[in-house]
Amino acid sequence: MLKKLFGGNKNVEENLVAPLSGKVVSLDEVPDPVFSQRMMGDGVAIQPDNGKVVSPVDGEIVQLFPTNHAVGIKTKSGVEVLVHIGLETVSMEGEGFEGHITTGDKVKAGDHLITFDTALVEEKAKSTITPVVITNYDDIVENFEPSYSDSVQAGETSIITLKTK
């Protein structure tokens, strides 16, 4: 309500950089309906080349899952970004994942968040494909432009440009 009265962060342009190096694909290619049907929000997915995850945005860590397989970051304009490493990785109970941040930390795009063992994830989980999703998409996004590429560099290459409502 206060946001509506005082304007909030309308029409802010946000640029998300790749949280992992690898290939950027549509969420349609993620073999999990929660992501491919955009139940969590819209975004892209990355087929990673390695196990280093960096922040795609400047913001605050609002959630680091206890298993270190996923992290939520909120930008100053209110965009909430989820980086979910692999599919069905929660069942690994944290094995092969190491978090380098904690909830409440302020981060800049490119800051190291999580390291994971790609070979172990390939062996024990359904996939290493990593969805990068705007979880409050319907509430905050006015314009959304994904950028698909066969090769992106973590912390450097733009993967999404959006404008808030």
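A search of the whole structure finds six salt bridges, where a salt bridge is a side-chain nitrogen of Lys or Arg within 4 Å of a carboxyl oxygen of Asp or Glu. The structure is a predicted model, in which local features need pLDDT of at least 70 and side-chain atom pairs count only at pLDDT 80 or more, while totals for chains, interfaces and linings use all residues. Residues are numbered from 1 along each chain as its sequence is written, and side-chain values use heavy atoms, with hydrogens and water left out.

D42 is buried at a relative accessible area of 15%, and R38 is partly exposed at 27%; here buried means under 20% relative accessible area, exposed over 50%, and partly exposed in between (1.4 Å probe, protein chains only).

Another salt bridge joins E95 to K124, the closest N and O atoms being 2.9 Å apart. E95 lies in the loop between β7 (80–84) and β8 (97–99) and K124 in helix α3 (residues 118–124), so the pair ties together parts that are 29 residues apart in sequence. Both partners are partly exposed, E95 with a relative accessible area of 38% and K124 with 41%.

K74 and E80 also form a salt bridge, and their closest N and O atoms are 3.9 Å apart. K74 is partly exposed at a relative accessible area of 36%, and E80 is likewise partly exposed, at 28%.

These pairs can now be placed in the whole fold. The protein has four helices and 14 strands, taken as DSSP runs (helices H or I, at least four residues; strands E, at least two) and numbered from the N terminus. Its radius of gyration is 15 Å, close to the 15 Å that the globule rule gives for 165 residues, so the protein is as compact as a globular protein of that length. This radius is taken over C-alpha atoms, and the rule is 2.2 Å times the number of residues to the power 0.38. Along the principal axes, the C-alpha trace spans about 50 × 30 × 30 Å.

Buried residues make up 48% of the 165 residues. Of the contacts (heavy atoms within 4.5 Å) with a separation of 6 or more, 72% are between residues 24 or more positions apart.
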